Amino acid sequence: MTKKSKAILYSGLAVILILLLSLYLNFSPKEFKFFPKCMFHSLTGLHCPGCGSQRAVHAILNGQIIEGLKYNLLIILAIFVLSYQIVQQIIVYFYPEKNNNILYKSATPWVIFIIIILFWILRNIPFAPFTFLAP
């Protein structure tokens with residue numbers, strides 16, 4: 001992929017991201033029914049790792065950080081990973097020889113996977129302090 005096509009791709013992704021973020025900034029998933037509902041929660045009554053993420057994004061974008069974290073604490077990991085990946089892509093774009101992204105190490109996906117699975121299990125335990133993890 002050439003630098004020009006990468007720039008076009010990333011620009012398009014940035015526009016889509018800005019549009020999505022503006023949607024979540026201006027419309028609350030609690031109030032508007034056009035946001036998708038969690039199929040896993042609808043079918044099982046249990047919370048998946050992503051349950052509460054839409055409400056969390058809305059709250060965080062509106063400056064309600066603590067409320068957003070109450071909806072889904074795993075959003076911290078998602079924000080960190082996405083931010084890190086964006087910064088790494090910018091660095092590689094300008095300095096191709098400096099490609100040492102830790103997300104591409106063989107252990108990193110496994111660590112993230114284990115964190116997500118543990119979060120999924122723990123947020124469905126109906127006893128304190130685990131109820132804190134449920135949205």
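Predicted model: local features only at pLDDT ≥ 70, side-chain atom pairs only at ≥ 80, totals over all residues.
**Overall layout**

I looked up the secondary structure next and found six helices and zero strands. Read from the N terminus, the elements go α-α-α-α-α-α. I then checked the extent of the C-alpha trace, which spans about 50 × 35 × 30 Å along its principal axes.

**Surface**

How much of the protein is buried? Of its 135 residues, 20% are.

**Salt bridge**

I searched the whole structure for salt bridges and came away with one. It joins the side chains of Lys-30 and Glu-67, at 3.8 Å from N to O.

**Aromatic rings**

I went through the rings and got nine aromatic pairs in the structure. One of them is Phe-27 with Phe-32, an edge-to-face pair with 5.0 Å centre to centre and 90 degrees between the planes. Phe-27 is partly exposed, with a relative accessible area of 32%, and Phe-32 counts as partly exposed at 30%.

I then turned to Phe-40 and Trp-120. Their ring centres are 5.3 Å apart and their planes stand at 80 degrees, so I filed the pair as edge-to-face; the cut-off for that label is over 60 degrees. Where do these two residues lie? Phe-40 is in helix α2 and Trp-120 in helix α6, 80 residues apart, so I marked this pair as a link between distant parts of the chain. Phe-40 is partly exposed at 29% relative accessibility, and for Trp-120 I read a relative accessible area of 29%, again partly exposed.

I also wrote down one aromatic cluster, formed by Tyr-24, Phe-27, Phe-32, Phe-34 and Phe-35. Phe-27 and Phe-32, the edge-to-face pair from above, are both members of this cluster.

**Two single residues**

Is Thr-108 buried or exposed? At 17% relative accessibility I put Thr-108 down as buried, because the cut-off is under 20%. Thr-108 is found in helix α6, which covers residues 108–122. Skipping neighbours within four places in sequence, I found Thr-108 in contact with Ile-102 and Leu-103.

My last stop was Phe-132, in the segment after α6. Phe-132 is exposed, with a relative accessible area of 53%. What does Phe-132 touch, leaving aside neighbours within four places in sequence? I found contacts with Lys-70 and Leu-73. Leu-73 is 59 residues from Phe-132 along the chain, and I noted 9.3 Å between their C-alpha atoms.

Definitions and conventions:
Residues numbered from 1 in each chain as written. Heavy atoms only, no water. Salt bridge = Lys/Arg side-chain N within 4 Å of Asp/Glu carboxyl O. Helix = DSSP H or I, 4+ residues; strand = E, 2+ residues; numbered from the N terminus. Buried < 20%, exposed > 50% of the residue type's maximum accessible area, 1.4 Å probe, protein only. Contact = heavy atoms within 4.5 Å. Phe/Tyr/Trp six-rings, centres within 6.5 Å; stacked < 30°, edge-to-face > 60°.
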